[in-house]
Amino acid sequence: MQVEVSIHELLAAAREAVKSDYIKGESILCETRYHPDTHYMVEIEMLKTDNTLGEKGAYIRKFLTEDEYSSMLQKQEEHLIKIKRQAIVQKGNLRYIPPPDRLDRRRERDIL
């Protein structure tokens, strides 16, 4: 199996290797990323403290199933988190997509 790795992922792995990464949560190359049920990767900023995710101000990376991703979108609607970066995971490869709020702005621009 051949795995594609972007420059962003290589830089993230290098930061993690020297323990200088400011992102908490899962490593960019963790096992969860390659699990067949994993469909999304999100990097979030905590806007409020949440016992399941972390403290206010933390920047966290998570690899998620469809249901977990829906839960993250709900938390963003409730202003508990802010999705800063997201990607679709396909066979372990990351396909970065705009965060949901940017997608909404693009749709509004297309309509107007």
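Just after helix H2, His-79 takes a positive phi of about 60 degrees, a backbone feature read here from a predicted model. The protein contains three helices and five strands, which follow one another along the sequence in the pattern α-β-β-β-α-β-β-α. Buried residues account for 35% of the 112 residues in the protein, and, among contacts between residues at least 6 apart in sequence, 57% join residues at least 24 apart.

**Sheet**

- The five strands form an open sheet with mixed pairing, in the order S1-S3-S2-S4-S5, and its edges are strand S1 (24–25) and strand S5 (93–97), each of which pairs on one side only.
- Strand S2 (residues 40–46) and strand S3 (residues 59–64) run antiparallel and are joined by six bridges, with Glu-45 standing opposite Tyr-59 in S3.
- Helix H1 (residues 7–17) packs on the sheet, where H1 touches S3, strand S4 (81–90) and S5, and the direction of H1 makes about 110 degrees with that of S5.
- Helix H2 (residues 66–77) also packs on the sheet, touching S2, S3 and S4, and the direction of H2 makes about 160 degrees with that of S4.

**Helix H2**

- With twelve residues, H2 reaches 17 Å from its first C-alpha to its last, which is close to the 16 Å expected at 1.5 Å a residue.
- The buried residues of H2 are Tyr-69, Met-72, Lys-75 and Gln-76; seen down the helix axis, the buried residues of H2 fall within an arc of 115 degrees, so they line one face of the helix.
- An α-helix has 3.6 residues a turn, so residues three or four places apart point the same way.
- On the other side of H2, Asp-67 and Glu-77 are exposed.

**Lys-75 and Leu-53**

- Lys-75, found in helix H2, has a relative accessible area of 16%, and it counts as buried because that value is under the 20% cut-off.
- Not counting residues up to four places away in sequence, Lys-75 touches Asp-50, Thr-52, Leu-53, Leu-80 and Ile-81.
- Leu-53, with its neighbours within four places in sequence left aside, is in contact with Ile-44, Met-46, Ile-60, Lys-62, Met-72, Lys-75 and Ile-81.

**Nonpolar cores**

- In soluble globular proteins, nonpolar side chains tend to be buried together.
- The largest nonpolar core has 13 residues, and those with the most contacts inside this core are Val-42, Ile-44, Met-46, Leu-53, Leu-64, Met-72 and Ile-81.
- S2, S3, H2 and S4 each supply at least two residues of this core, and the largest share, four residues, comes from S2.
- A second, separate core of eight residues includes Ala-12, Met-41, Phe-63 and Leu-94.

- Between the C-alpha atoms of Leu-10 and Ile-28, residues that are 18 apart along the chain, the separation is 8.8 Å.

Conventions
Residues numbered from 1 in each chain as written. Predicted model: local features only at pLDDT ≥ 70, side-chain atom pairs only at ≥ 80, totals over all residues. Heavy atoms only, no water. Pairing = 2+ DSSP bridges. Contact = heavy atoms within 4.5 Å. Axes fitted to C-alpha atoms, helices over the stretch in contact; angles between N-to-C directions. Expected span 1.5 Å × (residues − 1). Buried < 20%, exposed > 50% of the residue type's maximum accessible area, 1.4 Å probe, protein only. Arc of directions from axis to C-beta. Core = buried A, V, L, I, M, F, W, Y, C linked by side-chain atoms within 4.5 Å.
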